[in-house]
Amino acid sequence: MTRKEQKEERRKAILMTALTLFVERGYYDTKIADIAAAVPMSTGLMFHYFESKEELLVELVKMGAASTKSAECPEGVPADMFLSGFLKQLFSFAKDQPWVFNMFVLMSQARRNGMPEEARKIALSVDSISSTAGLIRKGQKAGVFHKGDAKLMSRCFWAAVQGIMEEMSMDKDMAVPDAEWIVGMLK
């Protein structure tokens, strides 16, 4: 492994360790020394990778925002089938890559008042609610989803997904729920 590859591996280890600790302990209760000890590395060496704990948080939130780009529903695919397939893939991927559960939790935490402003702005820029509301409207027109405020229905849909991701971040042995259960809320 080249020196550059080693450095990138170390950087990834720092990010994943910080993600876990920020979710388990909270951003403000996690110290740089805690992250360094868990990697393991010296605190001084860690500053060669990230200048501050806030920079670490911002980098994680940028990763989270980049990974939440919503997929477009292909023409002709019913909205309920698309959402069910999307959730199956999300839950399956998250089960294989448990950091995904933690990323959902961190992105939710980063949106709250009191978090560092740059990270908060990035987290708030992610708008899954609007794109999903559009999909819900499509399903309502097709008679697949019940009538109602599509934006509110989208919020409830994503609140359920968020809750599942949080539960699965705390209980690694929790079974993946059937995506149809969540989509069924919209029917």
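# Charged surface of an all-helix chain

Arg111, Arg137, Lys141, Lys151 and Arg155 gather in a patch of positive charge on the surface. The model is predicted: local features need pLDDT of at least 70 and side-chain atom pairs count only at pLDDT 80 or more, while totals for chains, interfaces and linings use all residues. Residues are numbered from 1 along each chain as its sequence is written, and side-chain values use heavy atoms, with hydrogens and water left out.

**Overall build**

- The chain has ten helices and zero strands; helices (H or I, at least four residues) and strands (E, at least two) are DSSP runs, numbered from the N terminus.
- The C-alpha atoms fill a box of roughly 60 × 35 × 30 Å along the principal axes.
- Of the 187 residues, 43% count as buried; buried means under 20% relative accessible area, exposed over 50%, and partly exposed in between (1.4 Å probe, protein chains only).
- Among contacts (heavy atoms within 4.5 Å) with a separation of 6 or more, 65% join residues 24 or more positions apart.

**Positive patch**

- A patch is made of residues with over 30% relative accessible area and no salt bridge; like charges are joined within 9 Å, and nonpolar side chains (Val, Leu, Ile, Met, Phe, Trp, Tyr) within 5 Å.
- Helix H8 (128-141) and helix H9 (150-170) each supply at least two residues of the positive patch.
- Arg155 belongs to helix H9 and is partly exposed, with a relative accessible area of 46%.

- The chain carries 25 positive and 24 negative side chains, and the centres of the two sets lie 4 Å apart.
- Lys and Arg count as positive and Asp and Glu as negative, whereas His and the chain ends are not counted; each charge is placed at NZ of Lys, CZ of Arg, CG of Asp or CD of Glu.

**Salt bridges**

- A salt bridge is a side-chain nitrogen of Lys or Arg within 4 Å of a carboxyl oxygen of Asp or Glu, and the count comes to three.
- Glu59 pairs with Arg11, with the closest N and O atoms 3.8 Å apart; Glu59 lies in helix H4 (residues 53-66) and Arg11 in helix H1 (residues 3-25), so the pair ties together parts 48 residues apart in sequence.
- Lys187 pairs with Asp80 at 3.2 Å between the closest N and O atoms; Lys187 lies in the segment after helix H10 (179-184) and Asp80 in helix H5 (residues 79-96), so this bridge ties together parts 107 residues apart in sequence.
- Asp80 is buried, at 13% relative accessible area, whereas Lys187 is partly exposed, at 44%.
- Asp34 forms a salt bridge with Arg25, the closest N and O atoms being 3.1 Å apart.

Terms used: Areas by Shrake-Rupley, 256 points an atom, 1.4 Å probe, with all protein chains shown as cover.
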